[in-house]
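Thanks for coming. I have one structure to go through today, so please look at the screen and follow along.

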Amino acid sequence: MKKEAAKKSMIYTIDLTKIDGDGAFSCPKCGSMISPDDETEEVYQIIETKVKNDELAELTLACNKCGSTIRLVGFLSQPES
Ligand SMILES: [Zn+2]
């Protein structure tokens, strides 16, 4: 049984291991700068946090500007295969 998502917004996946610097990246759709250090929630909101073995494994956030859903992966130093 498949659940149809209420909103058909685009979901982008960002691999943090492929980002240079402090982990900031621009929204794949609208180009807004999204920085993990930005806690104002003006640019993005955190929707979901997945923790594995007490470590942050995955973060889902939404861009406030264009409404895109962005999944951040690659927090863990050892990639799971
Ligand atoms: Zn955006």
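The donors of the zinc ion are spaced along the chain as C-x2-C-x32-C-x2-C. This is a predicted model, so keep that in mind throughout. Which residues coordinate the zinc ion? They are C27, C30, C63 and C66, each through its SG atom, at 2.2 to 2.3 Å. Take C27 and C66 as a pair: they are 39 residues apart and link distant parts of the chain. C27 sits in the loop between β2 (25–26) and β3 (33–34), while C66 sits in the loop between β5 (55–63) and β6 (69–73).

Now the geometry. The angles that the four donor atoms subtend around the zinc ion run from 105 to 117°, so the arrangement is tetrahedral. For reference, the ideal angle for four tetrahedral donors is 109.5 degrees.

The cut-off for buried is under 20%.

Next, the overall layout. How many helices and strands does the protein chain have? It has zero helices and six strands. Read along the sequence, that gives the pattern β-β-β-β-β-β. The protein chain has 81 residues, and 30% of them count as buried. If you take the contacts with a separation of 6 or more, 32% of them are between residues 24 or more positions apart.

Four of the strands form an open sheet, in the order β1-β6-β5-β4, with mixed pairing. Which strands stand at the edges? They are β1 (11–15) and β4 (44–52). Each has a single partner strand, so one side of each has no neighbour in the sheet. On average, neighbouring strands of this sheet are turned by 20° against each other, direction ignored. β5 and β6 pair in the antiparallel sense, over five bridges. On the residue level, A62 stands opposite T69 in β6.

On to charges. Side chains of opposite charge can pair when their charged atoms come close. The structure holds three salt bridges.

One of them is between the side chains of K18 and D15, at 3.8 Å from N to O. K18 is at 68% relative accessibility, so it counts as exposed. D15 is at 24%, so it counts as partly exposed.

The other two salt bridges both involve E58. In one, the side chain of E58 meets that of K50, at 3.7 Å from N to O. K50 counts as partly exposed because its relative accessibility is 40%. E58 has a relative accessible area of 14%, so E58 is buried. In the other, E58 forms a salt bridge with R71, and the closest N and O atoms are 3.0 Å apart. This pair also links distant parts of the chain: E58 is in strand β5 and R71 is in strand β6, 13 residues apart. R71 has a relative accessible area of 29%, which means it is partly exposed. Salt bridges that share partners join K50, E58 and R71 into one network.

Last, some residues in the loops. S35 is found in the loop between β3 and β4. What does S35 touch, if we do not count residues up to four places away in sequence? It touches A24 and Y44. At 17% relative accessibility, S35 is under the 20% cut-off and so counts as buried.

E41 lies in that loop between β3 and β4 as well. Its phi is near 65°, a positive value in a residue other than glycine. Why point that out? Most residues other than glycine have a negative phi. E41 has a relative accessible area of 47%, so it is partly exposed.

D54 also has a phi near 65°, again positive and again in a residue other than glycine. D54 lies in the loop between β4 and β5. Its relative accessible area is 76%, so D54 is exposed.

Terms used: Residues numbered from 1 in each chain as written. Predicted model: local features only at pLDDT ≥ 70, side-chain atom pairs only at ≥ 80, totals over all residues. Heavy atoms only, no water. Donors = N, O, S within 2.8 Å, 3.2 Å for Na, K, Ca; no water. Tetrahedral: all angles 85-135°; square planar, octahedral: opposite > 155°, others 65-115°. Helix = DSSP H or I, 4+ residues; strand = E, 2+ residues; numbered from the N terminus. Pairing = 2+ DSSP bridges. Axes fitted to C-alpha atoms, helices over the stretch in contact; angles between N-to-C directions. Salt bridge = Lys/Arg side-chain N within 4 Å of Asp/Glu carboxyl O. Buried < 20%, exposed > 50% of the residue type's maximum accessible area, 1.4 Å probe, protein only. Contact = heavy atoms within 4.5 Å.
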